[in-house]
Amino acid sequence: MSTFAADTPRPDPLADPAVAARHLAEAVVAAGAVAVDMFRAGVKSWSKHNDSPVTEADLAVDVMLRERLSLVGPDYGWLSEETVDEPSRLSRRRVWIVDPIDGTRAYMAGRADWCVEAALVEDGRPIAGALFAPVTEELFIAVLGGGATRNGQPIRVSTTHALAGAVIDGPAPWLAHLDHAGSWRRVDRIRSLALRLARVATGELDAALASPNGNDWDLAAADLLVHEAGGRLTTLDSRPLAYNAPVPRHGALVSAGSLLHPALIAVAR
């Protein structure tokens, strides 16, 4: 017989963000396998109302993630690129925020720079996140106050403090804006915004820029990765991002190690 009275709230099994992160990691790895299998079988695609591409895999992964995460957090809100927005999420302290495939164009082209990402947000900030890049077999996990890892190994942002020589990725117009700032280095653009930010968390990129109109699902998991790796992801006025707003969209963003971030903000404005 249960020791809980009928009206006694049961403890939340995900009260510890580290437990939530483990569930997120298992979910994104399983979802990545589904996306890879569907690509190999020949996945269908079409354009959404905003002319961005979507595939059968985006939708299948979305359904899979919701089923898995709802089993462990059934009372949480839900926000996903491929699900019709549900206003009820605004009344929840905790919300699952996912992007079934971030970098759909890269996925369709058979490139490596796409990923599956998912985060648990509490009171507007991520407390657990996971990002899986199936082609390169990289699993990134972050826990609020518990650090960030790639395939089980701790990751840290770079210690670069000056723009000269820094490795920076982002949209071409924003990079052109930095040209007057010195001899920083370009790389081949990483199509997935989340994966671009993950490369800041590992120190492979010293900094990354994002154009306006990035959505919660593009950013939440990677945001926590960067912060737990010692870096920053902010608006151009150095403010942290708030998630699960009525309009889950953000302006231009700058991400870098904490030493470089102020210099980048100064020239990016």
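Trainee: What makes β3 and β4 count as paired strands?

Mentor: β3 and β4 run parallel over four bridges, and two strands pair if DSSP finds at least two bridges between them. Strands here are DSSP runs of E with at least two residues, helices are runs of H or I with at least four, and both are numbered from the N terminus. One spot to look at is Gly77, opposite Val95 in β4. Keep in mind that this is a predicted model, where local features need pLDDT of at least 70, side-chain atom pairs count only at pLDDT 80 or more, and totals for chains, interfaces and linings use all residues. Residues are numbered from 1 along each chain as its sequence is written, and side-chain values use heavy atoms, leaving out hydrogens and water.

Trainee: Why is the pair of Tyr107 and Trp114 called edge-to-face?

Mentor: Rings of Phe, Tyr and Trp (its six-membered ring) pair if their centres lie within 6.5 Å; planes under 30 degrees apart are stacked, over 60 edge-to-face, the rest tilted. For Tyr107 and Trp114 the centres are 4.8 Å apart and the planes at 75 degrees, so the pair is edge-to-face. Ring pairs also join Phe39 to Tyr107 and Trp114 in a cluster.

Trainee: How do you know whether Tyr107 is buried or exposed?

Mentor: Buried means under 20% relative accessible area, exposed over 50%, and partly exposed in between, with a 1.4 Å probe and protein chains only. Tyr107 has 1%, so Tyr107 is buried.

Trainee: And why does Trp114 count as buried?

Mentor: Trp114 has a relative accessibility of 3%, so Trp114 is buried by that cut-off too.
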